[in-house]
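Please keep the sequence and the 3D view open while reading the points.

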Amino acid sequence: MPFNPLALIAEVTHRCPLHCVYCSNPMQLAGTQTELSTGEWASIFQQSGKLGVLHAHFTGGEPLARADLTEVIAAARAAGLYTNLITSGIGLNEQRLQALVAAGLDHIQISFQDSREDSANWIAGAKAHAHKIELSRAIRRYKVAFTVNLVVHRQNLDHLEEMIAFIEQLHPERVEIAHTQYYGWALANRAALMPTRAQLEKAVVIVAEAEKRFAGRIRLDSVVPDYYAKYPKACMGGWGRRLLLINPAGKVLPCHAAEVLPGLTFENVREKSLEWIWQESSSFRRFRGEDWMPEPCRSCDRRTEDFGGCRCQAFLLAGDATVTDPACSLAPSHHIVESAVREANSNTTVTQPAPASSFVQLQKLSADLWAYRTNPE
Amino acid sequence: MDLIHRSAQSRDLGFGLGTINMPPPADSSQPRLAAGCRWGGTTEEERVVLFPEGAIKLQGTGRQVLERCDGQRTFGEIIAELQKQFDTADPAKIRDDISIFLEQLQRKRIVDY
């Protein structure tokens, strides 16, 4: 086998109490009644371990929305996997946290929308901020690694220093500063989220300073926005090369967004073995390796580093999954990204958080700015 | 949720010495795996250290050093053990190499000392 998967992204549910406007979930969410059972997940972890997978990243939606999450995590540990819970923290109290750690949870990652409560709740479309702070304090009382993730974009970048100082006092081992990537809901809301070049340049300096200050105490990882980069990101470390994702209904995908791609059929773990899907299925073989590559990728020295960029972004922006990622400055379709960047820099408007008494009112008030992520049926 | 585009990229050691210098471990310090880092892997040959964003496969001396970072042995003891084991090599060089190795892992938040 030329490649074996190293990490499994387990989207255990698409249900979520938050409505983040930058959510990377597909806009067509998997319904509750189709969700895999505890036993089906346990079988997936056993199969994954045999395939060489080392990590299971639990995400969603909000993984805590599943009542059996502790059993699911225990099943992953029993299969020898490192377990990472990516969560908003909503649905977690100290008692449940204790049970998760006892079940073998290795690492917990909580994302914050902002340091300012009104803005954080506005971006998430939910009153979640205060609970996240409380929970972060509780996490430090348990033997589990803690990462704080901060998603940055046009609406909060202007006070990045304040946000970093806020995160620091939560005492994580790791901080991840992630610029929004434009898939799913984030793509629909791109105009409200994409930073200006001036915002971005300032952010790069602030992050570099923080990294220096944190050295040896907190590890800081940052994700740069690919619309402003010269070359595309090595999305998922290459198609079907290192990662696989299983959605709540058991569909096996090479990445978060692949379901948008036309003409591909994704197999389900309910019908086929994970090994067969990884090795043999046409969807996983479609963009694996270099045979599919067009020019300029085919003759480019960087093809072994970025693998031609992201197939989903090529489809979403250029309408064709088989072309070079438009984020690449060498791509024939790069003008599409350039024009989005031009538009983002044509004004420096930042919106003030809208106070609302309910989610429905918030949706109405913000309708001109962005669409909130909604929940599956 | 947020995309995990980097998990596959940080899997090799790929250290690249940065410009940030960490204080080296003191002889009396007791190096140990940091929170969220643990040994894993299915077979003896395939032993890896797992950490939140990846894993490293350690062979040879690196593995021998890290296996001794158990929070019990002191840095001084670890050095002495390995100097004894590799008695044909320059003891000062062994000390320097182990010190640099642990500083790098400390910076990555894989080892605490």
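The numbered points below treat the sheets, the helices, the contact between the chains and some backbone features.

1. The structure under review is a predicted model.

2. Chain A holds an open sheet of 9 strands, in the order E7-E6-E5-E4-E3-E2-E1-E8-E9, and its pairing is mixed. The edge strands of this sheet are E7 and strand E9 (252-253), each of which pairs on one side only. Within the sheet, E5(A) and E6(A) are paired in the parallel sense over 6 bridges. A reader who wishes to locate this pair may look for A:Leu150, which stands opposite A:Ile177 in E6(A).

3. The contact between the chains. How many residues of chain A are in contact with chain B? The contact involves 41 residues of chain A and 26 residues of chain B. On the side of chain A that touches chain B, the elements that give two or more residues are strand E1 (7-11), strand E2 (55-59), strand E3 (82-87), strand E4 (107-112), strand E5 (145-152), strand E6 (174-179) and strand E7 (219-223) of chain A. The largest share of that side, 4 residues, comes from E5(A). Sorted by class, the side of chain A that touches chain B has 16 nonpolar, 16 polar and 9 charged residues.

4. The sheet of chain B. In chain B, 3 strands form an open sheet in the order E2-E3-E4, with antiparallel pairing. Its edge strands are strand E2 (38-40) and strand E4 (54-57), and each of them pairs on one side only. From one strand to the next, the twist averages 35°. Strand E3 (residues 48-51) of chain B is joined to E4(B) by 4 bridges, and the two run antiparallel. B:Leu50 has B:Ala55 in E4(B) as its bridge partner.

5. A helix pair in chain A. Helix H6 (residues 160-168) and helix H9 (residues 197-214) of chain A have axes that come within 10 Å and cross at roughly 25°. Because the crossing angle is under 35 degrees, H6(A) counts as roughly parallel to H9(A). The crossing of H6(A) and H9(A) is right-handed. H6(A) contributes A:Leu160, A:Glu161 and A:Ile164 to the contact, while H9(A) contributes A:Ala203, A:Ile206 and A:Ala210. By class, the contact of H6(A) with H9(A) has 5 nonpolar, no polar and 1 charged residues.

6. Helices H4 and H5 of chain A. Helix H5 (residues 129-139) of chain A lies across E4 and E5 of chain A and runs at about 155° to E4(A). In helix H4 (residues 117-124) of chain A, the buried residues are A:Ala120, A:Asn121, A:Trp122, A:Ile123 and A:Ala124. These buried residues of H4(A) pack against E4 and H5 of chain A. H4(A) is followed by A:Gly125, which has a positive phi near 65°.

7. A:Gln181 and A:Pro225 are 44 residues apart in sequence, yet 6.6 Å apart in space, C-alpha to C-alpha.

8. Most residues other than glycine have a negative phi, and most peptide bonds are trans. A:His171, in the loop between H6 and E6 of chain A, is not a glycine but has a positive phi of about 55°. A:His171 is partly exposed, with 14 other C-beta atoms within 10 Å. B:Arg109, likewise not a glycine, has a positive phi of about 60°. B:Arg109 is found in the loop between helix H3 (91-107) and strand E5 (111-112) of chain B, and B:Arg109 is buried, with 25 other C-beta atoms within 10 Å.

9. Cis peptide bonds. The bond from A:Gly60 to A:Gly61 is cis, with omega near 10°, and A:Gly61 lies in the loop between E2 and helix H2 (69-78) of chain A. The bond from A:Glu295 to A:Pro296 is also cis, with omega near 5°. A:Pro296 is placed in the loop between helix H11 (282-285) and helix H12 (303-306) of chain A.

Note on methods: Residues numbered from 1 in each chain as written. Chains lettered and ligands numbered in written order. Predicted model: local features only at pLDDT ≥ 70, side-chain atom pairs only at ≥ 80, totals over all residues. Contact = placed C-beta atoms within 7 Å. Nonpolar A, V, L, I, M, F, W, Y, C, P; charged D, E, K, R; others polar. Axes fitted to C-alpha atoms, helices over the stretch in contact; angles between N-to-C directions. Parallel < 35°, antiparallel > 145°, perpendicular 65-115°, else oblique. Left-handed = near helix turned anticlockwise from the far one by under 90°. Pairing = 2+ DSSP bridges. Buried ≥ 20, exposed ≤ 12 C-beta atoms within 10 Å, placed from the backbone.
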